[in-house]
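Here is a short note to read beside the model. Please keep the structure open and find each residue as it comes up.

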Amino acid sequence: VSIVAVFLALAIGIVLGSTELQGPTYNLLDRTTAKLQAELNQVSGQRNTAQAQATVGEAYAQAVEPVVLHNLLAGQRLLIVTEPGAPGSVVAGITDAATADAGATVTGQIALQNKFFDNSDTTLDFLNQTNQAVAQPAGIQLTTGETYQQQAAEVMAREILVKSAGSAPNQSGVIQPAGSEPSSTVQTMLEAYANSGFLTTSGQPYLPATLVIVVTPQTAPSDGVNDQLDQVLIPLATELSTYSAATVVVGTSAGSGPGSPIAVLRANSVANQVSTVDDTDLVSGQTVAIESLAVLLAGGKAGSYGLTANGATSVAPSPAPTPSASASPTVSVSPTSTKKATK
């Protein structure tokens with residue numbers, strides 16, 4: 001009887017579940033599904049609209065960039081320094097904007113390697129030996145109390161960077177025209193660091209440069225407070241800004257959030273000397289990076305530019321910088337130019 005009762009109850013439950021409760025349950029599921037589908041369609045529409053607006057914005061930025069940047073950096077020389085993980089597309093975009101639009105010359109690129117940021121005793125001892133080996137021939141007295149990375153940055157900055165576009169010091173401290181051949185000491189110095197695995201070079205980074213752009217990694221570390229890559233950026237930016245006419249540190253939209261090099265730098269006092277741009281994966285951000293150099297070159301204040309979500313105080317410098325009086329004569333540039341196809 002018990003077994004029959006159990007099976008009878010089960011049968012009744014199946015009948016009720018498949019008949020009496022079928023209608024209300026299905027109706028509820030249908031209403032819920034329809035609501036979720038409507039919400040999905042709305043969000044998808046908003047996404048498509050945002051993507052279309054972003055595409056139009058990029059196209060507009062590409063069209064107006066030649067006009068906005070025309071001759072802003074005429075006669076200046078730009079050195080690009082990259083950290084490990086820096087996106088090549090950002091380097092290429094900034095190079096194009098600086099040379100084709102702003103009238104500057106990009107001397108070359110110094111790509112710092114992971115070994116440069118390594119704090120193991122063996123690596124630090126090797127970096128110290130390299131610093132000593134390159135500083136002595138150049139007549140540079142290394143500053144005591146600085147980290148070995150900062151000493152290396154100081155050596156490179158003192159040997160390569162100059163404040164004025166019209167002159168450059170040689171190893172004896174004598175001022176030479178900026179177009180002169182670089183001293184063998186500068187080339188030997190970069191080769192020493194390269195042979196030791198601390199950096200690689202491309203172009204002619206040993207030529208005297210007045211301006212510097214530092215490109216940070218594509219993605220942000222999980223904890224910038226304890227990330228050596230972020231912490232070395234502070235003394236690196238300090239040395240570069242000390243010996244150059246203008247220094248700007250740039251990052252990408254996705255790589256400039258909490259814990260990123262951009263965030264760490266903006267929270268440091270060096271932000272009063274160095275401008276930052278956090279959206280140089282966009283053409284508009286690359287334009288702002290060049291404008292930031294022009295502002296500092298003209299004696300303006302450093303700023304934090306880009307997406308406010310990443311801690312920027314404004315989208316771009318205001319008012320926008322204008323070409324110096326010594327710039328080349330104005331030429332006609334079509335605002336519909338499409339030469340930025342590489343971006």
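1. Start with arginine 266. Its relative accessible area is 15%, so arginine 266 is buried. Here buried means under 20% relative accessible area, exposed means over 50%, and partly exposed lies in between (1.4 Å probe, protein chains only).

2. A word on the source. This is a predicted model, in which local features need pLDDT of at least 70, side-chain atom pairs count only at pLDDT 80 or more, and totals for chains, interfaces and linings use all residues. Residues are numbered from 1 along each chain as its sequence is written, and side-chain values use heavy atoms, with hydrogens and water left out.

3. Which residue meets arginine 266 in a salt bridge? The partner is aspartate 278, at 3.0 Å, N to O. A salt bridge is a side-chain nitrogen of Lys or Arg within 4 Å of a carboxyl oxygen of Asp or Glu. Arginine 266 lies in helix 8 (residues 261–266), and aspartate 278 in the loop between strand 8 (275–277) and helix 9 (283–297), so the pair ties together parts that are 12 residues apart in sequence. Helices (H or I, at least four residues) and strands (E, at least two) are DSSP runs, numbered from the N terminus. Aspartate 278 is buried, with a relative accessible area of 0%.

4. How many salt bridges does a search of the whole structure find? The count is 2. Arginine 158 and glutamate 154 form one of them, at 3.8 Å, N to O. Both residues sit in helix 5 (residues 148–160). They are 4 residues apart, about one turn of the helix. Arginine 158 is partly exposed, at 31% relative accessibility. Glutamate 154 is buried, at 5%. Side chains of opposite charge can pair when their charged atoms come close.

5. Now check the backbone at asparagine 71. Its phi is positive, about 60°, although asparagine 71 is not a glycine. Look for it in the loop between helix 2 (22–69) and strand 1 (77–82). Is asparagine 71 buried or exposed? Asparagine 71 is buried, because its relative accessible area is 8%.

6. Finish at leucine 296, in helix 9. Leucine 296 is buried, with a relative accessible area of 11%. Not counting residues up to four places away in sequence, its contacts (heavy atoms within 4.5 Å) include Ala245, Val248, Gln273, Ser275 and Lys301. Leucine 296 and valine 248 are 48 residues apart along the chain. Their C-alpha atoms are separated by 9.0 Å.
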